[in-house]
Amino acid sequence: MKDNTRGNPLALLPLLVFVALFIGTGIIARDFQAMPITVAVIIAIVAAMFLKPKDRLNEKIGILTRGAGRENIMLMVLIFLLAGAFSQVAENMGAVESTVNLGLSLLPSSLLLIGLFIICCFISISMGTSTGTVVALAPIAIGIAGQTDLPLALALATVIGGAMFGDNLSVISDTTIVSTQSQEVKMADKFKTNFFIVLPGAIATVIILWFISSGQTTTPATDLDYSLVKVLPYLAVLVIALLGVNVLIVLAGGIVFAGLVGVLDGSYTFTSFVAAAGEGIGNMQNIAIIAILIGGLIALIQHYGGIDYLLHFITSRIRSRKGAEFGIAALVSATDLSTANNTISIIITGPLARDIADEYGVDRRKSASVLDIFAAAFQGLIPYGGQMLAAAGLAAISPVAMIPYSIYPAMLLICGIIAILIGFPRKLNA
């Protein structure tokens, strides 16, 4: 590394405490949600306070609070809260239901599985939440499986695949926010880079689903109500964000637009609109607190040499730009497998990925895409991830049953590996 420091491996102990608590409790309790992430992080922070016992406690608390209050962390928190408000306001006024029903009304019955995947892609890219998409569309997947000979696990895995497509690309997704902020790149630039990497995977998924569901027919409901006007807030946010407008302005405008649509059609009064926005903000408070706490924890680990040690450990084995990209991919993948949360995994590995990218000449748009792609791929494959647990709970099946049908997450992983091997997009390496 540039500073020629090997760092201090003992400084990584708090991070190991965090992972051990989260995974260990999950294995023992057979429930990977048994240990709240916030509690695990706080215990890890307490463990970090024992690093360098000779240092004053007040000094360590100062490092913690300065790290937690960094500009990029606070901006991330603001974006999280506004994204939550927009998602809830749009959902409560019927935007999700209208968008789903519109798609189902336009599809021939023999293409319902493919259509379900495409609808999930659009819904999740608009909502910015994979779990929300799974909860909204899993009942439809259950209905499709019930009307055909298609396996229920396949229908649910299709929903999860579409949800991960949007989660990986959406400009209001937690993962996009974290990956772009940590790499200090524009969302629109990351979207364009990411999109061309994952598009072949989405196309391959559609082809595979077509072969699997070929010959299957059903008679869907004909009384699906929808309103084109209620779809507009999602379209507006997506289009305006892609034009490069500041994300805070995009989200604030989306909240107002969705609220106005709801007021005009009678879905909202002013007080119910404000209540919906407040509910959405409340839903995002946990992830915001986690981001703040992890920011402080990482600051302590960095101060005592843990990050320098990881950088040295990884970069000593990296010999090229491709090796650096694979190193970033391995870091975020291992972290997601440990935490079962793609957003948290990017929060943890983002600063380290930025340093590796700068050291080995990786375009930060590519490093942001690699972080998001590999985190999303593994999140869609692990049976203890929130998305699979939500779908399995709604359908009363084992999440393990969905793994063989996790087509898009597998395609996403393959696309990410190929993009690194062939140096795609090539314009970033020019």
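In this predicted model, helix 13 and helix 16 meet through I287, I290, A291, I294 and I298 on the helix 13 side and T343, I344, I347 and I348 on the helix 16 side. By residue type, this contact splits into eight nonpolar, one polar and no charged. An α-helix has 3.6 residues a turn, so residues three or four places apart point the same way. Helix 13 covers residues 270–303 and packs against helix 16 at an angle of about 25 degrees, the two axes lying 10 Å apart. Since angles under 35 degrees count as roughly parallel, helix 13 is therefore roughly parallel to helix 16. The crossing of these two helices is right-handed.

Helix 16 (residues 342–360) also packs against helix 9, with 9 Å between their axes and an angle of about 10 degrees. That angle means helix 9 and helix 16 are roughly parallel too, and their crossing is right-handed. On helix 9, the residues involved are D174, T175, V178, S179, S182 and Q183, and they touch N342, T343, I346, I347, G350, P351, A353 and R354 of helix 16. The make-up of this contact is five nonpolar, seven polar and two charged residues. T343 and I347 of helix 16 turn up here, and they also take part in the contact with helix 13.

What about the other neighbour of helix 9, namely helix 4: how do their axes cross? Helix 4 (residues 71–92) and helix 9 (residues 174–183) have axes that come within 10 Å and cross at roughly 160 degrees. With angles over 145 degrees counted as roughly antiparallel, helix 4 and helix 9 therefore run roughly antiparallel. Their crossing is right-handed. Helix 4 brings L75, M76, I79 and F80 to the contact, while helix 9 brings D174, I177, V178 and Q181. Sorted by type, that gives six nonpolar, one polar and one charged. D174 and V178 of helix 9 contact helix 4, and both are also found in the contact with helix 16.

Helix 4 itself passes a simple length check: at 1.5 Å a residue, its 22 residues should span 32 Å, and its end C-alpha atoms sit 32 Å apart, so the two agree. After helix 4 comes G94, with a positive phi near 100 degrees.

As for confidence, the chain has an average pLDDT of 86, and 92% of the residues score at least 70.

Note on methods:
Residues numbered from 1 in each chain as written. Predicted model: local features only at pLDDT ≥ 70, side-chain atom pairs only at ≥ 80, totals over all residues. Heavy atoms only, no water. Axes fitted to C-alpha atoms, helices over the stretch in contact; angles between N-to-C directions. Helix = DSSP H or I, 4+ residues; strand = E, 2+ residues; numbered from the N terminus. Parallel < 35°, antiparallel > 145°, perpendicular 65-115°, else oblique. Left-handed = near helix turned anticlockwise from the far one by under 90°. Contact = heavy atoms within 4.5 Å. Nonpolar A, V, L, I, M, F, W, Y, C, P; charged D, E, K, R; others polar. Expected span 1.5 Å × (residues − 1). pLDDT = per-residue confidence, 0-100.
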